Amino acid sequence: MGHRAVSRVAIVGIGNSRFGRRTDVNIGELAFESIKQAIDDSGVDRKDISNVVVGSMGSWSEESLPAVVVNEYAGLSGVGTMRVEAACASGSAALKSAYNSILSGEGDIAMAVGVEKMTEVDSSTTVELIGRAGSYTWEFENYGMTFPGYYALYAVAHMSRFGTTEEDMARVAVKAHHYGAMNPLAQFQKEITLEKALGSQVVAWPLKLYDACPLTDGSAAVVLASEEVAKKLTDTPVWIKGVGYSSDSANMSRRGSYVGLEAAVRAARSAYAMAKVTPGDIDVATAHDCFTIAELMAYEDLGFCKKGEAASMIREGQTEIGGKIPVNLDGGLKAKGHPIGATGVSMAVEITKQLRGEAGRHQAPIRNGVGLVHNIGGTGHYAYVTILSRS
Amino acid sequence: MSEPPSLHSRREITLRFDIPISKTREFWASLKNGKFMTTKCSKCGCVSFPPQADCPRCMSGESQWVDLGGDATLVTFTHIRLTPASFAKSEPYTIAIGEFAGGVKVLAWLEGVEPEDAKPGIRLRVEPRISAEGTPYYAFVRA
């Protein structure tokens, strides 16, 4: 371990399991699918990996210590490791932690793994556990808040303030399914109509079933390397140019506003400043669309449009291929699926594929070689924005 | 397509929490007497809701209880149709965030108002309640 200064870190290997109801595999087997792909893709030797950071929320699957279970199955026991939690942004937190370990000079190669098994308990228990992700005593014990309920509070405020409609939100779901149908790893590979989305069951008005992402099993992994090592390993390194992160109150009642996520605005500002890019430089992005309203707010929070103009962006197709900034071309959380801890890593995998030009049918045109990952934990409790670049 | 085989675990656990409330006992005690109280820092004057003994702004441990009054304005709301498993016996309910004078906001059920009649800006009052399970809580009603 040479503790020398490292200035740049690249993604040199990527892996992503098939997302969906994966009752065919346990957590170690599921993570292995991504770990093996990422290691093969990078060409690194496992013994050269100094650190494996595992993003996983857990509590709905049987293993209490997923990091060591995952490492043991993949023959990685002995490596420096930990599990990190930033709710639905745990994957981005794992990526940041692995990135920082290389920057610090403690090792040249690290891996971020995200994994979640959400279908081992009955779905109503999982839904209840997710609904407790706020301030338990003040929001759940007496009031039975649900996760769709929290985002519905944002939706009503956004509709009331800016005239955003239920149709605008449904358009986000239609777009997600359109691209999900092109992604062989997605949970839902089927187009839907606006009518079908609008006619689906109301879960927390104004949000309906088709405004919500599903419960998903899945894993993703990325291998990171210092500049010196990355250049030896690959001709197509994808550099981590900017990482911004922030947080907000546990209690929804303590948020400053309900028409956007202030933590995401702060995270984006930091990431843009570090990467020295502006929203106009972004070729392609993933946005955390746990609910359709969340994707609309992300357009505004990331500066892809002005505050209150997200509905126009989706109506005009500005976030589709051929538009101003294509968003969630892998189907997003809505159609690809949302295995909580895996999502942030899977987003980094998707943007890496896009920047390498390997996204196949859902490839975005790449002009500046810059992509963005927007990953939110809870209801804006945690926010991570990561900017990736070919140069 | 048949489900793949699985080991159906026989080891079941139940989690039920005993949540300490000694530092916010005054809130629940005064709620019983029809008052809606919260904490105000004795040093910097910061008013917090939910109440907390230690000031999040200046970190002072000296606080006093102040009456928030009952009047609030609806900021946003939702109508929960799909309730969590532990609320399976509840009818669908409406949850609102109301803002009090001075800017303190509170999340609670909105009772006695049809979801179609709720909208940001309407005037609310907060009232103490006893749940069907016998526990004290507070709810918004239309003012």
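Which residues in α11(A) are buried?

Reply: This is a predicted model, in which local features need pLDDT of at least 70, side-chain atom pairs count only at pLDDT 80 or more, and totals for chains, interfaces and linings use all residues. Residues are numbered from 1 along each chain as its sequence is written, with chains lettered from A and ligands numbered from 1 in written order.

The buried residues in α11(A) are A:T292, A:I293, A:A294, A:E295, A:L296, A:M297, A:A298, A:Y299, A:E300 and A:D301 (buried: 20 or more other C-beta atoms, placed from the backbone, within 10 Å of its own; exposed: 12 or fewer; partly exposed: in between). Because 10 of the 10 residues of this helix (residues 292–301) are buried, α11(A) is largely enclosed by the rest of the structure. Helices (H or I, at least four residues) and strands (E, at least two) are DSSP runs, numbered from the N terminus. In chain A, the buried residues of α11(A) pack against the helices α6 (147–162), α7 (166–180), α10 (262–275), α12 (310–315) and α13 (332–336), and against the strand β10 (370–377). After α11(A) comes A:G303, with a positive phi near 80°.

Elsewhere in chain A, α1(A) and α2(A) also meet. From α1(A) come A:I27, A:G28, A:E29, A:A31 and A:F32, while α2(A) supplies A:P66, A:V69, A:V70 and A:Y73 (contact: C-beta atoms, placed from the backbone, within 7 Å). This contact has seven nonpolar residues, one polar residue and one charged residue (nonpolar: Ala, Val, Leu, Ile, Met, Phe, Trp, Tyr, Cys, Pro; charged: Asp, Glu, Lys, Arg; polar: the others, Gly among them).

Between the chains, 34 residues of chain B are in contact with 30 residues of chain A. On the chain B side, the elements giving two or more residues are β4 (71–80), β5 (93–100) and β6 (105–110). Of these, β4(B) provides the largest share, six residues. By class, the chain B side that touches chain A divides into 21 nonpolar, nine polar and four charged residues. In β4(B), B:H79 is the bridge partner of A:W205.

Within chain B, nine residues of domain 1 are in contact with nine residues of domain 2. The helix α1 (residues 25–32) of chain B gives the most to the side of domain 1 that touches domain 2, with three residues. That side of domain 1 of chain B comprises six nonpolar residues, two polar residues and one charged residue.

Methods:
Contact = placed C-beta atoms within 7 Å. Pairing = 2+ DSSP bridges.
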